[in-house]
Amino acid sequence: MLNKYKMKNLRSYICVFLLFMATKNNAQEFEVTVTGKGKPVLLFPGFACTAEVYKGIVNELSSHYEVHSFTFAGFGKVPPITFPWLPKIKDALQVYIQKNHINKPVIIGHSLGGVLGLWLTAEEPKAYSKLIVIDALPATGAIMMPNYKSENITYENPHNKKIIEMNTRDFTNMAKQMVQSMSLNKEVHQQLTDWMVMSDRSTFVYGYTDFLKLDLRDKLADITIPVSIYAATYPFGMEVKQTNYKTQYANLKNYTLNFAENSGHFIMYDKPEWFLKQIKSELSIK
């Protein structure tokens, strides 16, 4: 039989081990940094980006709010998780908010992060106070694919296979081409490229498949909180963007739509002063 001293040590070891495992599991879906004090604000980055994408506003926000800045699994230095990736991210965010007793936060989400914000607020509209969406649509796949049907999108397809098997040089060249239309600010092109190259390749491919598969257009009717949407006009132009946004957000009851003219997808980089001004206005920061 174990004596009392050994039993105590064993229980301590088990507790430490379980705590380690719980922390490890909680950290799998994302890494989060908390700064500032006050009402909570959650910052969700776009696909393949890290929390650093919000560096232009996080200090200002942290002076007035408790800011939770996220980097999702498979991006930056956060290890990848198993698939389906996007539903696990969403579920883990709900657990994080509940376990940390985060009361009615404001969500600010760019691109994929904005879509996650739509998903969360549609499922639990009373749990949040406001949603700010930055250049994101509830069904991105419907814009990109003719005859779009979510159920027809699968992980195994020739396009995914090609990118999974691509060598680093070719992948880097592809990333460099992609960022050209994402931002008019050439100074950030290298950073955007580096984030793509740094990402876990499977997450980059299959996580984006999850993203394209997601169609929240019908669920928008369940969102009851105010939603502010900021959309970039480049490269498609104002008329096309207005049509796409008004069509895709038709089921959303309470929202405002504002356009960042002459800006690419990364509004925070192309129009940083304008972007900060809009966010401060949304959060009543003087």
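Mentor: Happy to. In helix H8, residues 189-198, the buried residues are His189, Leu192, Thr193, Trp195 and Met196; buried means under 20% relative accessible area, exposed over 50% and partly exposed in between, with a 1.4 Å probe and protein chains only. Helices (H or I, at least four residues) and strands (E, at least two) are DSSP runs numbered from the N terminus. Viewed down the axis of H8, these buried residues fall within an arc of 160°, so they line one face of the helix; the arc is that of the directions from the helix axis to the C-beta atoms. An α-helix has 3.6 residues a turn, so residues three or four places apart point the same way. The buried residues of H8 pack against helix H7 (168-180), helix H9 (201-213) and helix H11 (267-270), where contact means heavy atoms within 4.5 Å.

Before going on, a word on what you are looking at. This is a predicted model, in which local features need pLDDT of at least 70 and side-chain atom pairs count only at pLDDT 80 or more, while totals for chains, interfaces and linings use all residues. Residues are numbered from 1 along each chain as its sequence is written, and side-chain values use heavy atoms, with hydrogens and water left out.

Now turn to H12. Its buried residues are Phe275, Gln278, Ile279 and Glu282. They cover an arc of only 95° around the axis, which puts them on the same side of H12. On the other side of H12 you will find Glu273, Lys277 and Ser281 exposed. The buried residues of H12 pack against H2, strand S4 (106-110), strand S5 (130-134), strand S6 (227-232) and H11.

Two packed helices are described by the angle between their axes and the distance between the axes. Helix H2 (residues 55-62) and helix H12 (residues 272-282) pack at an angle of about 30°, with axes 10 Å apart; axes are lines fitted to C-alpha atoms, for helices over the stretch in contact, and angles run from 0 to 180 degrees between N-to-C directions. H2 brings Gly56, Ile57, Glu60 and Leu61 to the contact, and H12 brings Phe275, Leu276, Ile279 and Lys280. By class, that makes 5 nonpolar, 1 polar and 2 charged residues; Ala, Val, Leu, Ile, Met, Phe, Trp, Tyr, Cys and Pro count as nonpolar, Asp, Glu, Lys and Arg as charged, and the others, Gly among them, as polar.

Leu61 also turns up in the largest nonpolar core. Of its 83 residues, Leu61, Phe72, Trp85, Ile108 and Leu283 touch the most other members. Leaving aside neighbours within four places in sequence, Leu283 is in contact with Val41, Leu61, Tyr65, Val106, Ile108 and Ile132. Just after H12, Ser284 takes a positive phi of about 55°.

Tyr245 sits in helix H10 (residues 238-248) and is buried, at 2% relative accessible area. Beyond four places in sequence, Tyr245 is in contact with Asp135, Ala136, Leu137, Ile229, Ala231 and Leu257. Lys88, in helix H3 (residues 85-99), is partly exposed, with a relative accessible area of 29%. With neighbours within four places set aside, Lys88 is in contact with Glu29, Ile81, Thr82 and Phe83.

The peptide bond from Phe83 to Pro84 is cis, with omega near 5°, and Pro84 is in the loop between strand S3 (66-72) and H3. Another cis peptide bond joins Tyr234 and Pro235, with omega about 5°; Pro235 is in the loop between S6 and H10.

Finally, look at His101, in the loop between H3 and S4. Its phi is near 50°, a positive value in a residue other than glycine, and His101 counts as exposed at 70% relative accessibility. Asn147, in the loop between helix H5 (140-144) and helix H6 (158-165), has a positive phi near 55° and is exposed at 76% relative accessibility.

Key: Core = buried A, V, L, I, M, F, W, Y, C linked by side-chain atoms within 4.5 Å.
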